[in-house]
Amino acid sequence: MTSLINVVRSKFLDAIRSVNPPGRWKILVVDEHSQQLLGSVLKQFDILQENVTLIESISNYRDPQPQFEAMYLLMPTSQNVDRIIKDFSNGNQQYAAAHLFFIDGLGEQLFERLTSSPAEPHLQACQDLFVNFWAIEAQAFSLKLPASFFNIYSPPRSEHAFRSARDRLMEEVKFMAKMIANVCISLNEFPYVRYYLPTHHAPLGALRPNAATRPPPPAEGSGRWRTNLARGADSRAHESTEQDYITKVLAFTIQQELDEYKKTNPDFPKPSDPPRPRSTMIITDRSMDTVAPFVHEFTYQAMSNDLLPIEDGSKYTYKFQTAIGAYEDKTAILSDADAVWTELRHMHMREAIDKLMADFNKFMQDNAGFKGEGAASLNDMKDMLANLPQYQEQREKFSLHLNMAQESMSIFERDKLPTIAAVEQNCATGLTAEGKTPKTLVEEMVPLLDARDVVNANKVRIIALYIQHRDGVPEEDKRRLYQHARLSMAEQDAVNALVHLGVRISRGPGDKDIKKKIKQRQSNEEEYELSRFKPLLRTVLEDHIGNKLDPTMFPYVKDAPTLTPAPSLRATASASPQPTASLRSAKPVWHRAAKPGGAQETRQRVFVFVAGGMTYSEMREAYLLSKQLNKDIIIGSTHPITPRNMIDDLKVLELSGVGSKALPNGLPEHRGPRPFQEFYDEKYFTKEAPRPQRPAPSPAPMARDLSKSSRTSPVNTFAASSTSLSSTAGKEEKEKKKRRGLFHF
């Protein structure tokens, strides 16, 4: 299937290649955000290879370069438009001409401001790229909005705060919808949009029904002389807040963004050859599955991100043994560029270690002329790696994954994870490994809560899973659990805050079990005892693709595919002649894997977006189900989360995020309704850098001037302070560039 990373990379490269000035060389002007997006998919050298002689930051002082044309790659903010105009106003001419490329769609007012400005005669092109999202993996994207968790779920602090909290959330929803629409536009998809409509709780956070945000009720007695149909608008407006779930509001806003784009681009989506079936986008949120973030996962990527100090899911610092035997700190990037990582990440840790050792032994035999039995354990592998100084790149890759596997397994044993995970699996699935209802959960759980060598974070996870398994516990039982575990007040707050995600924490003697419409489906695949739990997202995707997903729980916003409708669970559950167990025993026909040599590139796409954070186990399921169901499943979220992130954020959920990593000062005060462009400008605002104090330049050859000017315009994301090849590339690359004529215009 097409990699999301490759799609974004191609869009950037096509844009850069489309600028072909008469003098061949061009300057690239970026802002802070566009620079980071560009750097996430392209290396500096890749950009400079495309006849780019210099990369400048638009917020820095830039020397005029009227002999070169410039390509501006910017966010469509008022501030950036003013900077472009300033470059060609009041007698200034910063560059010979300007080719404008905006990361997101440029608003009509800003476009008119540009075209009616003194810069207009110098503008050669103006194009919107629609790539304002982060392609973090081939089939996964992120909006990098971790603070949205608090915007969505934090309860307003008082009754009078509901209106401003809702307004603030609606701004963020529109912002999120624009970014999600960017993904669809980049992939040339105009999907059907459907969304999760919960049945067991009211809307959450700022969307909770409240007098301050609810439209007024219809006039008294109006039904006497008007039909119910005629008075329906008032009634519907009054009652609609009862159904204003974040998933619904976001889904309708995405549909609106896509409809607006299609209105101005009637040929969207462009036909493909062979034709690809129309895709579907499913909008869910974290409240749909509050079990997955707490379960210990034992597949390589999920386990590593849970147990190891991996930053943003991609940066890992470890001890690397050099050729002379010394140890040094090394930071590795875990990305799709690492073939070992992409091959291992969704394997169970046991299988990943076996594969790692098998690959290592094969490498030793093929390259190092090694004769013998090979590495039989991770320690053997570590010793043998020390004797391979000549294979630096392979040593580093094997050393990285060896270190990650060893560290993970060491924590697995030290923290008693086999025992803890057994209790977690019983709570999460509601079944023991033998397929029976667990009867001794409390007896198994209490010794772990009492143990001083079990870390508190794991105790929080056990209690959170147990309370969800029981669908709430009496207050006295909850107090005892906290007492056994010796949880701090903040850790108790983390468990209690699940109520703001629609979980019932406490229950009285008369409370009945809440009937959840989506249930954990027992897998019929061979599985490890400690990995029986599968995220609910798997069930949703399987049922959607099998056309069995309840349309009342996952309604479509507008159009729906013309297929035989799935039976509504609400209407027919009691009348269904088949027992639910039959679904587990028979593998449905749509469960077949893709045939080898089939038309892979035109498989139907399914997008799934999880507002409020996606787990690494959910990301894994997108890949596994793509293979099993012969679809291209792309998963996205506001941000990826680990169990540690989830617990830390829950601790301060009632404080609107104050003290959290994503939002140390908490949610900002909302200043009332404002144009969306104003919100967007605030999101991407960057300060102007002070003008550097430099002595007057002495006369010098052109090449020296070029490298000098480049040093005054630093671009921080890339490898060095600037981007003239003379200052950043190695000697070999420099010579190559000289031969190509970089210094001879």
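How many salt bridges does a search of the whole structure find? I ran that search and it finds 38 salt bridges, a salt bridge being a side-chain nitrogen of Lys or Arg within 4 Å of a carboxyl oxygen of Asp or Glu.

**Ground rules.** I note that this is a predicted model, in which local features need pLDDT of at least 70, side-chain atom pairs count only at pLDDT 80 or more, and totals for chains, interfaces and linings use all residues. Residues are numbered from 1 along each chain as its sequence is written, and side-chain values use heavy atoms, with hydrogens and water left out.

I looked up Arg605, which forms a salt bridge with Glu189; their closest N and O atoms are 2.9 Å apart. The pair links distant parts of the chain, 416 residues apart: Arg605 belongs to strand β12 (residues 605-611), and Glu189 to the loop between α7 and β8 (192-195). Helices (H or I, at least four residues) and strands (E, at least two) are DSSP runs, numbered from the N terminus.

**A helix pair.** I next examined helix α7 (residues 162-186) and helix α25 (residues 676-683), which pack at an angle of about 75° with their axes 11 Å apart. Axes are lines fitted to C-alpha atoms, for helices over the stretch in contact, and angles run from 0 to 180 degrees between N-to-C directions. The helices α7 and α25 are therefore roughly perpendicular to each other, the word covering angles of 65 to 115 degrees. On the α7 side I found Glu171, Glu172, Lys174, Phe175 and Lys178 making the contact, and on the α25 side Phe676, Phe679, Tyr680 and Lys683; contact means heavy atoms within 4.5 Å. By class, the contact of α7 with α25 has four nonpolar, no polar and five charged residues. Here Ala, Val, Leu, Ile, Met, Phe, Trp, Tyr, Cys and Pro count as nonpolar, Asp, Glu, Lys and Arg as charged, and the others, Gly among them, as polar.

**Cavities.** On a 1 Å grid over the protein atoms alone, a cavity is a set of points where a 1.4 Å probe fits but cannot get out, and lining residues have an atom within 4 Å of a point. Grid points are joined across faces, edges and corners, and a volume is the space filled by probe spheres set on the points.

The largest cavity holds about 110 Å³ of space. Its lining has 14 residues, with Ala302, Thr615, Tyr616, Ile641 and Pro643 nearest the centre. Two or more lining residues come from each of α10 (300-307) and α23 (616-629), and α10 gives the largest share, three residues. I classed the lining of the largest cavity as seven nonpolar, four polar and three charged residues.

The second largest cavity holds about 70 Å³. Among its lining residues I list Tyr153, Tyr196, His201, Tyr245 and Asp285. Helices α6 (148-153) and α9 (246-264) each give two or more residues to this lining, which divides into eight nonpolar, three polar and one charged.

**Backbone.** I found a cis peptide bond joining Phe268 and Pro269, with omega about -5°. Pro269 lies in the loop between α9 and β9 (280-285). The peptide bond from Asp273 to Pro274 is cis, with omega near -5°, and Pro274 is placed in the loop between α9 and β9. Lastly, Phe130 is not a glycine, yet has a positive phi of about 55°; Phe130 sits in the loop between β5 (123-128) and β6 (134-137).

Notes. On a 1 Å grid over the protein atoms alone, a cavity is a set of points where a 1.4 Å probe fits but cannot get out, and a pocket is an open set with protein on both sides within 12 Å along at least five of seven lines; lining residues have an atom within 4 Å of a point. Angles under 35 degrees count as roughly parallel, over 145 as roughly antiparallel, 65 to 115 as roughly perpendicular and the rest as oblique.
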